[in-house]
Amino acid sequence: MRFLPANLEKAHLMSIHTARIEWERNDGGFTDNRYSRKHSWEFDGGAVVPASSSPQVVRLPFSDPSCVDPEEAYVAALSSCHMLWFLSLAARDGYVVDRYADCASGHMGKNADNKDAITRVVLQPAVVFSGAKVPTDAILEKLHHQAHESCFLASSVRTTIDVQGSWRHDASARASAGPGIDDIQP
């Protein structure tokens, strides 16, 4: 079934991204709200990710803390999109990135409509550079700003996204303020 007229679809859609989400009740109740929230996400490349509601939202045993929950996936997707753009922009400008690690966090609160929402995501990328060309703090800030402006997902959401990054050049072992790359824990 087509949801958009063919000419509008071609004019406005650059690409389509899909995921198959599957859940099955198996045993137990349902209308009493005592059912497992565990399900799976399957992506076009074949990756299957076990998913569940967050135990902070739905109590155990009806959620599975070993699975990825939608809120974590949202934060990870924003971080990943920012990183991919940052790497592309750094390469374009001739900076050699050896490592990029981010310990991103999503903060739940009330949005403008007084609904529960992830209202803020904080990205804390720690970047290690090498090579002859060394970025300054101002250049690093500019690269992160450009990555944020280019990120499709950041352009798609109302969540405030703060970038509080740090960097290090292996040859000089200089680092700007903030956590070092070895301080970032997954």
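The lining of the largest pocket divides into five nonpolar, three polar and three charged residues. The model is predicted. In it, this pocket has a volume of about 280 Å³. Its lining is made up of Ser-54, Pro-55, Gln-56, Val-57, Asp-69, Glu-71, Glu-72, Val-75, Gly-106, Met-108 and Ile-118. H2 gives the most, with three residues.

**The disulfide**

How many disulfides does the model hold? The count comes to one. Cys-81 and Cys-151 form this disulfide, with their sulfur atoms 2.4 Å apart. That distance meets the rule, because a disulfide is a pair of cysteine sulfur atoms within 2.5 Å. The pair links distant parts of the chain. Cys-81 sits in helix H2 (residues 70-92). Cys-151 sits in the loop between helix H3 (137-150) and strand S8 (160-163). The two cysteines are 70 residues apart. The torsion about their S-S bond is about 135°, so the disulfide is right-handed.

Are the two partners buried or exposed? Cys-81 is buried, at 10% relative accessibility. Cys-151 is buried as well, at 1%. Buried means under 20% relative accessible area, so both values qualify. Cys-67 is buried at 6%, whereas Cys-103 is partly exposed, with a relative accessible area of 30%.

**Aromatic pairs**

The structure holds eight aromatic pairs. A pair of aromatic rings is described by the distance of the centres and the angle of the planes. Here are two of the pairs.

| Pair | Centre distance | Plane angle | Kind |
|---|---|---|---|
| Phe-30 and Tyr-35 | 4.7 Å | 35° | tilted |
| Trp-85 and Phe-152 | 5.7 Å | 85° | edge-to-face |

Why do the two pairs get their labels? Planes over 60 degrees apart count as edge-to-face and those under 30 as stacked, with the rest tilted. At 85°, Trp-85 and Phe-152 are therefore edge-to-face. At 35°, Phe-30 and Tyr-35 are therefore tilted.

Trp-85 lies in helix H2, and Phe-152 lies in the loop between H3 and S8. The pair therefore ties together parts that are 67 residues apart in sequence.

Phe-152 is exposed, at 55%. In the other pair, Phe-30 is partly exposed at 41%, while Tyr-35 is buried at 18%.

Ring pairs link Phe-86, Tyr-95, Tyr-100, Phe-129 and Trp-167 into a cluster.

**A buried histidine**

Where is His-169 found? His-169 belongs to strand S9 (residues 166-169). Its relative accessibility is 3%, so His-169 counts as buried. What lies 2.7 Å from a polar atom of the His-169 side chain? The backbone oxygen of Gly-131 does.

Key
Residues are numbered from 1 along each chain as its sequence is written. This is a predicted model: local features need pLDDT of at least 70, side-chain atom pairs count only at pLDDT 80 or more; totals for chains, interfaces and linings use all residues. Side-chain values use heavy atoms; hydrogens and water are left out. Helices (H or I, at least four residues) and strands (E, at least two) are DSSP runs, numbered from the N terminus. Buried means under 20% relative accessible area, exposed over 50%, partly exposed in between (1.4 Å probe, protein chains only). A polar contact is a pair of N or O atoms within 3.5 Å; within protein, one must be able to donate a hydrogen and the other to accept it, and residues adjacent in sequence count only if both atoms are side-chain atoms. On a 1 Å grid over the protein atoms alone, a cavity is a set of points where a 1.4 Å probe fits but cannot get out, and a pocket is an open set with protein on both sides within 12 Å along at least five of seven lines; lining residues have an atom within 4 Å of a point. Grid points are joined across faces, edges and corners, and a volume is the space filled by probe spheres set on the points. Ala, Val, Leu, Ile, Met, Phe, Trp, Tyr, Cys and Pro count as nonpolar, Asp, Glu, Lys and Arg as charged, and the others, Gly among them, as polar. Rings of Phe, Tyr and Trp (its six-membered ring) pair if their centres lie within 6.5 Å; planes under 30 degrees apart count as stacked, over 60 as edge-to-face and the rest as tilted.
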